[in-house]
Amino acid sequence: MLEAAIVKRLRDFTLDFQLNVKSGEISFLMGMNGSGKSTILNIIAGLLRPDSATIMLSGECLYKTDDNINIPTEFRRIGYVLQNPAVFPHMSVRDNIAFGLRTRHTPPSLVYPKVTSWMDKLHIADLAGIKAGNLSGGQKQRVALARALAIEPHLLMLDEPFTALDVESIHSVKDLTLQFVREMMIPCIVVTHRIADSTDIGDWATVICQGKKEWEGIPGEIPEMCTICRCQ
Amino acid sequence: MIGVLIAVVTLYLALPIISLFFQISPEMFIQAVQNPVVIKALWLSLYTTIISLAITVLFGTPFAYFHARHSYPGKILVDTFVDLPLVLPPAVAGVALLVLYGRFGFLGRYLDMYGITIAFTTIAVIMAQIFVASPFYLRQAKSLFEQMDPAYEQTARTLGASQFRILATIAVPMTAGGLVSGAVMTFGRALGEFGATIMFAGNLPGVTQTMPLLVYVGIESNLYIGLTTSILLVAISFIIMIVVRIVQKREANRA
């Protein structure tokens with residue numbers, strides 16, 4: 001379970017937002033460009049400092065302004081795939097997925113089987129030795145997902161994961177995301193600006209406008225007046 | 001018209017270099033290359049330049065990375081001091097180093113009390129080279145790190161990597177081609193260093209007399225030594241430029 005209440009003054013408006021996501025559920029965060037979606041993810045990940053916030057994940061406090069608690073990004077155990085999936089282009093697919101395991105000092109005898117298992121699960125085993133810089137958009141997205149999941153995160157966050165993908169890859173990434181969020185019983189936040197993305201796999205949707213919550217509910221029921229783009 | 005322009009510019013730059021090779025016979029060249037003074041200067045130049053480059057890369061890479069990725073008070077001032085040696089006359093750099101580290105300098109007089117002398121030693125040669133040549137590497141490294149999409153480092157942080165690990169495993173490998181170009185330019189500038197060296201380190205054969213200094217002395221005393229040393233420097237510079245071209249081409253192909 002993720003519980004976050006965040007306040008941060010941005011250039012044009014103040015972000016004042018509350019977000020609760022249950023374990024095993026996918027919550028979509030939707031809104032126009034510049035509405036504060038990615039800022040929320042960055043604050044939860046610890047990459048950006050809020051003016052004031054309380055962030056609780058699986059009963060552990062990650063950030064609390066009043067008590068001066070601020071767990072560094074490196075120790076938050078959050079699998080975060082940014083808008084640029086940022087696969088490390090100079091490393092092989094295998095080394096990309098092993099990266100988080102090695103930084104966390106996983107014994108080398110365990111790294112290899114874990115990496116192999118994640119490559120199998122995401123259907124990228126045949127790419128193992130290929131330099132990640134040479135992959136297609138869909139392949140990169142799957143490598144980034146495998147890399148984020150391999151650290152056995154307590155929360156998964158995906159920022160616009162479907163934007164650069166073809167239709168087939170979108171289906172595949174959606175199915176895999178849903179499968180692992182349910183299996184690992186972790187909360188998941190997906191940021192998107194397209195309603196169509198949320199209706200397939202979303203358990204909950206929140207629409208954000210200028211840093212404030214505009215609407216929340218079941219993804220298929222988003223009302224017409226909401227500010228987000230309805231393009232497919 | 002265009003052909004003439006290209007020919008004039010190229011000839012203006014190439015003719016003096018080419019004429020160097022016609023001023024000395026192969027026999028005289030081979031004889032001069034075997035002269036102990038030339039061999040000493042060649043070795044001194046090569047090993048001081050390699051040490052200067054190693055120190056610049058070792059300290060300059062993390063400096064450039066953290067400088068590029070963090071904002072702090074006085075950052076503009078730091079930028080200015082890093083760039084200053086590029087426009088400063090090297091002789092002024094030499095005087096400045098002498099004023100600080102010389103036997104009667106601000107710092108030098110205290111070092112002297114402990115029996116440590118820097119000016120007019122091989123260490124002074126290396127310090128002069130680092131002072132004058134390191135900005136080429138630092139500027140290049142800074143701009144490469146600034147241009148890198150922060151998403152790679154942010155992702156690495158969420159995966160548990162420390163800043164030094166990110167530098168070593170993400171930032172440096174992703175900018176390696178550009179860093180090598182910067183390092184090669186620094187090597188070339190350090191190898192050709194003259195003004196600051198002669199001011200701060202002097203001109204002692206085998207101790208501080210690098211190749212550019214020997215060219216200067218040679219032209220006055222023994223023309224063949226001066227010419228031979230010049231030709232050796234041209235050859236080394238030529239190799240440096242070829243390395244830079246190859247690295248740049250590889251980078252372009254990769255992108």
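Is the crossing of α2(A) and α3(A) left-handed or right-handed?

A: The crossing of α2(A) and α3(A) is right-handed; a crossing is called left-handed if the near helix is turned anticlockwise from the far one by less than a right angle, and right-handed if clockwise. This is a predicted model, in which local features need pLDDT of at least 70 and side-chain atom pairs count only at pLDDT 80 or more, whereas totals for chains, interfaces and linings use all residues. Residues are numbered from 1 along each chain as its sequence is written, while chains are lettered from A and ligands numbered from 1 in the order in which they are written. Helices (H or I, at least four residues) and strands (E, at least two) are DSSP runs, numbered from the N terminus.

The axes of α2(A) and α3(A), the latter comprising residues 108-121, come within 9 Å and cross at roughly 130 degrees. Such axes are lines fitted to C-alpha atoms, for helices over the stretch in contact, and the angles run from 0 to 180 degrees between N-to-C directions. The two helices α2(A) and α3(A) are therefore oblique to each other; angles under 35 degrees count as roughly parallel, over 145 as roughly antiparallel, 65 to 115 as roughly perpendicular and the rest as oblique.

On the α2(A) side, A:Arg94, A:Ile97, A:Ala98, A:Leu101 and A:Arg102 take part, and they meet A:Val111, A:Lys114, A:Val115, A:Trp118 and A:Met119 of α3(A). Contact here requires C-beta atoms, placed from the backbone, to lie within 7 Å. By class, the residues joining α2(A) to α3(A) comprise seven nonpolar, no polar and three charged (Ala, Val, Leu, Ile, Met, Phe, Trp, Tyr, Cys and Pro count as nonpolar, Asp, Glu, Lys and Arg as charged, and the others, Gly among them, as polar).

An open sheet of six strands runs in the order β7-β8-β9-β3-β10-β11 (chain A), with mixed pairing; two strands pair if DSSP finds at least two bridges between them. At its edges stand β7 and β11 (212-217) of chain A, each with a single partner strand, so one side of each lacks a neighbour in the sheet. Direction ignored, neighbouring strands of this sheet are turned by 15 degrees against each other on average. Strands β8 (residues 155-159) and β9 (residues 188-192) of chain A pair in the parallel sense over four bridges, and A:Leu158 stands opposite A:Val190 in β9(A). Helix α1(A) packs on this sheet, touching β3 (26-30), β7, β8, β9 and β10 (204-209) of chain A, and its direction makes about 150 degrees with that of β8(A). Helix α5 (residues 167-184) of chain A lies across β3, β8 and β9 of chain A, running at about 130 degrees to β3(A).

Chain A holds a further open sheet, in which five strands follow the order β2-β1-β4-β5-β6 (chain A) with antiparallel pairing. Here β2 (14-21) and β6 (69-70) of chain A are at the edges, each with a single partner strand, so one side of each has no neighbour in the sheet. Strand β1 (residues 2-9) of chain A pairs with β2(A) in the antiparallel sense over eight bridges; the bridge partner of A:Val7 in β2(A) is A:Asp16. Helix α1 (residues 37-45) of chain A packs on this sheet too, touching β1, β2 and β4 (52-57) of chain A, with its direction at about 115 degrees to that of β1(A).

As for the chain as a whole, chain A has six helices and 11 strands. Its radius of gyration is 17 Å, close to the 17 Å that the globule rule gives for 232 residues, so chain A is as compact as a globular protein of that length; the radius is taken over C-alpha atoms, and the rule is 2.2 Å times the number of residues to the power 0.38. Along the principal axes, the C-alpha atoms of chain A fill a box of roughly 50 × 45 × 30 Å.

Methods:
Two residues are in contact if their C-beta atoms, placed from the backbone, lie within 7 Å.
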